[in-house]
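This briefing is intended to be read alongside the sequence and the model. Please keep both in view while working through the points below.

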Amino acid sequence: GPLANGESDSFTVDAPVDGSPVSFSAPGLEETAPVTECFALPDLSIEGMCNEPTGQAGFTITNSGGPLTTGVDWIMTTDFDVFTGTTIPLPPGETEMFLRDAPPDGSPVTVEIPSEEITITFEECYALPDLTGEGVCDSATGVVTFTVTNNGGPLTDSVPYEIVVEETGEVLQSGDIPPIDYTGTESTSVDATAEGDTIVLQSDAIQLSVRVEGCALPPQLNYDGTCVADGIAEFTITNTGGAMTAPQSYDIVDADGAGRASGEFQLAAGETETIRIEAADSELSFAQPTGIPTVITDCTEPEPEPEPEPEPEPEPEPICGYTDENPDGFPVIDMNPEYCGPDTAQERAWTPIEIGEGFCPDWLLYHTDQTGNWEIFRLGKIDTDAADTNVNISQTPDQRRAYDVAPSRSPDNTWVAWASYRDGNWEIYVGLADGTGEPQRVTTTANAIDLDPVWSPAGDFIAYESTRSEDGTFDIWMVDVATGDETQLTFDAANDINPFWSPDGSKLVFQSDRDGQWQIYELDRGTMEVTLLSDGLGDDHDPQYSFDGTQIAFRSFRDGNENSVIYVMNADGTDVRMISDPEGDALNQVWSHDDTLIAYQSNLDGDQDIYVYQFPVDGEEEGTNRLVTDNDIDDYAPTWYCDSPTIVFTSDVAATDENPFDSNLYQTFALPIDAGPVDVATETTQLTDETDADQYPQDAPAEENASRERAVPGKERN
């Protein structure tokens with residue numbers, strides 16, 4: 001304000017923290033000389049901190065004011081320690097840090113600067129873990145117990161450890177020491193050695209090593225006694241524990257208590273003492289120590305107790321399509337439909353199948369268990385550019401024991417149909433003949449048997465047998481491969497099985513037990529009429545049209561014969577002719593492509609061999625049978641190699657005592673018809689050489705029947 005003469009006024013402001021010059025000016029007045037070295041007062045603040053890697057707690061002190069020209073005293077207090085100190089003089093903006101040991105339990109830390117009346121408190125700072133170990137030997141049991149104690153901050157992660165025998169390096173135990181809080185403990189125990197070796201618990205992760213010396217298992221004495229001969233008893237005392245530190249007395253007495261032997265024994269670890277006593281017709285026992293078995297010195301062996309009769313194994317629960325195995329593991333299907341159907345097919349997606357022009361392929365199909373399951377493989381190249389000649393067609397998943405049987409080729413040889421037991425019941429599948437892609441499921445019944453697929457000559461349908469019908473017996477069904485639609489073809493309450501297409505696809509021949517025995521019937525697809533072809537003289541099985549459709553080959557039990565015999569009749573059931581010797585059991589007949597030959601198997605000479613029948617030629621009245629193979633082992637399941645006179649068949653000739661089920665495929669010529677039999681091992685061409693079983697080939701005709709192994713509902717011969 002206005003000043004009178006001689007008056008003055010003063011002004012006060014906060015000094016700068018760095019002591020920089022301060023000057024005064026006003027309008028109309030000369031500027032005063034600056035004031036220098038004038039500082040603001042110190043302004044101190046502190047902040048607590050934890051340093052986890054070092055296990056320390058501390059604080060920082062920061063000067064936000066003028067210079068601290070003289071250090072100030074501080075006090076840091078925990079439940080375990082009191083730390084004091086003095087700061088350095090702090091220039092403006094400077095910070096000083098102090099770190100001391102953190103409390104092991106994370107309890108509060110208090111920091112004070114008394115002169116500044118500043119106090120802070122913080123917690124959850126922990127000292128580093130401080131693990132110590134102790135080992136204790138229990139001499140009574142020979143057990144070493146190690147205890148690890150944490151005297152520091154928490155051990156937050158498990159650390160590995162081992163307990164080893166120092167002298168040998170043997171690891172007795174290994175594991176992890178779990179997280180341990182402050183003052184917490186963890187213990188583990190191991191048996192000492194019989195020799196009293198040094199036992200060490202060690203953990204390199206925390207630099208811990210605890211040794212226990214001289215701890216041994218206590219003696220473990222096992223007593224035994226036996227009569228080694230009439231009148232001679234032998235007692236043994238074996239120490240399976242640690243060494244005995246003092247001798248022990250023994251007394252052996254007879255049944256009257258009279259002493260027979262006495263003495264002392266002191267056994268090292270693993271040592272045995274033997275005591276032999278002669279005492280006829282006596283019962284001897286240890287009187288000291290007690291509890292030892294009595295030995296009777298009469299060594300006459302009593303009559304053995306009769307072994308109890310074994311409990312009969314429970315009968316398996318009856319299920320639809322129950323499947324057992326032959327000794328070679330091949331499936332044997334229970335064809336009894338009693339526990340099946342009626343069933344309804346479940347909905348399923350369907351990928352349409354287109355079939356091209358038909359031809360005879362230069363490859364064949366066969367059954368093999370080389371994958372661990374019975375599967376369908378292709379043998380031979382599918383075309384000249386194909387690399388693999390042995391291809392898995394059925395591609396059974398590995399999740400269960402499964403079986404794939406009865407393959408049938410599509411006429412253009414692009415697809416293969418078969419029956420599979422991979423879903424817990426028997427279903428029909430189709431897959432590509434080149435082995436690519438995932439097989440497509442045709443039938444989707446949960447409680448039915450679907451078997452024996454056979455592709456129609458035009459390739460538009462697959463016929464098969466199924467128990468899904470209302471009456472629960474087998475009927476003939478077919479599926480349209482373009483749409484996936486299934487159609488029931490026969491409706492009789494009896495069993496209709498084994499369908500086979502006529503060459504023009506207009507008819508199906510099959511066998512049925514609707515008349516009380518197995519007879520052959522023909523189904524006209526146009527009219528759906530069923531015609532009986534058999535003459536009723538016996539059970540007829542496995543009908544098969546000739547390639548020109550004029551004849552049917554089948555096997556039959558007739559004329560009082562207990563053997564299965566191969567016959568041929570006209571397609572209308574007339575002119576039945578026997579072609580195999582009735583003294584042999586014959587089956588698995590197959591037509592050659594030109595219908596002049598039929599190959600089959602028969603046990604006429606005591607084992608299964610391959611035969612070929614040639615129809616009469618050049619005015620002959622009778623046909624001719626040729627024995628093609630003649631071995632002491634079985635040759636069976638013939639098929640024709642396309643349209644050539646070459647037979648492919650299965651033989652067990654390579655089987656050995658070590659591998660009795662090593663069956664393989666072989667081929668040989670059927671002609672000339674007057675040729676003698678061949679030696680399979682030296683005079684045929686072996687097509688497979690896997691040590692697993694390879695059997696039941698199929699090429700021509702395009703249906704395979706041997707894998708059925710004569711299975712039918714009910715009796716084969718009524």
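The points that follow cover domains, a strand pair, disulfides, the cavity and the pockets.

The model is predicted. The protein is divided into four parts: domain 1 (1-125), domain 2 (131-215), domain 3 (221-297) and domain 4 (592-710). The structure holds four disulfides and one cavity of 30 Å³ or more. The largest pocket has a volume of about 530 Å³, and the second largest pocket about 440 Å³.

**Domain arrangement**

- Domain 1 spans residues 1-125 and domain 2 spans 131-215, while domain 3 covers 221-297 and domain 4 covers 592-710.
- Taken over C-alpha atoms, the centres of domain 2 and domain 4 are separated by 74 Å.

- Strand β6 (residues 109-113) pairs with β7 in the antiparallel sense, over five bridges.
- Within this pairing, Ile120 in β7 has Val111 standing opposite.
- The hairpin of β6 and β7 has four residues between the strands, and Glu117 takes a positive phi near 55 degrees there.
- Strand β7 (residues 118-122) has two faces: Ile118, Ile120 and Phe122 make up the covered face, and Thr119 and Thr121 the uncovered one.

**Disulfide of Cys50 and Cys125**

- The sulfur atoms of Cys50 and Cys125 are 1.5 Å apart in this disulfide.
- The link of Cys50 and Cys125 is left-handed, with -90 degrees about the S-S bond.
- This pair links distant parts of the chain, 75 residues apart: Cys50 belongs to strand β1 (residues 44-51), and Cys125 to the loop between β7 and β8 (131-138).
- Cys50 counts as partly exposed because its relative accessibility is 36%.
- Cys125 has a relative accessibility of 0% and therefore counts as buried.

**Disulfide of Cys137 and Cys215**

- Cys137 and Cys215 form a disulfide in which the sulfur atoms are 1.9 Å apart.
- The link of Cys137 and Cys215 is right-handed, with 70 degrees about the S-S bond.
- Distant parts of the chain are again linked, 78 residues apart: Cys137 is in strand β8, and Cys215 is in the loop between β14 (208-212) and β15 (221-229).
- Cys137, at 30% relative accessibility, counts as partly exposed.
- Cys215 is buried, its relative accessible area being 1%.

**Disulfide of Cys360 and Cys642**

- A disulfide joins Cys360 and Cys642, with the sulfur atoms 1.8 Å apart.
- Cys360 has a relative accessible area of 28% and is partly exposed.
- Cys642 has a relative accessible area of 9% and is buried.

**The largest cavity**

- The largest cavity holds about 200 Å³ of space.
- Its lining comprises 18 residues, of which Gln589, Val590, Glu704, Asn705 and Ala706 are the closest to the centre.
- Two or more lining residues of the largest cavity come from each of β35 (496-501), β39 (538-545), β43 (586-591), β47 (635-640) and β51 (694-698).
- By class, the lining of the largest cavity has eight nonpolar, seven polar and three charged residues.

**The largest pocket**

- The volume of the largest pocket is about 530 Å³.
- Of the 24 residues that line the largest pocket, Pro411, Pro457, Phe547, Pro701 and Ala702 are the closest to its centre.
- The elements β27 (404-409), β31 (450-455) and β35 each give two or more residues to the lining of the largest pocket.
- The lining of the largest pocket divides into 15 nonpolar, seven polar and two charged residues.

**The second largest pocket**

- The second largest pocket has a volume of about 440 Å³.
- It is lined by 27 residues, and those closest to its centre are Gln601, Gln608, Tyr636, Tyr696 and Glu709.
- Strands β39, β43 and β51 each give two or more residues to the lining of the second largest pocket.
- Ten nonpolar, eight polar and nine charged residues make up the lining of the second largest pocket.

Key. Residues are numbered from 1 along each chain as its sequence is written. This is a predicted model: local features need pLDDT of at least 70, side-chain atom pairs count only at pLDDT 80 or more; totals for chains, interfaces and linings use all residues. Side-chain values use heavy atoms; hydrogens and water are left out. Domain bounds come from an automatic or database domain assignment. On a 1 Å grid over the protein atoms alone, a cavity is a set of points where a 1.4 Å probe fits but cannot get out, and a pocket is an open set with protein on both sides within 12 Å along at least five of seven lines; lining residues have an atom within 4 Å of a point. Grid points are joined across faces, edges and corners, and a volume is the space filled by probe spheres set on the points. Ala, Val, Leu, Ile, Met, Phe, Trp, Tyr, Cys and Pro count as nonpolar, Asp, Glu, Lys and Arg as charged, and the others, Gly among them, as polar. Buried means under 20% relative accessible area, exposed over 50%, partly exposed in between (1.4 Å probe, protein chains only). Two strands pair if DSSP finds at least two bridges between them. A disulfide is a pair of cysteine sulfur atoms within 2.5 Å.
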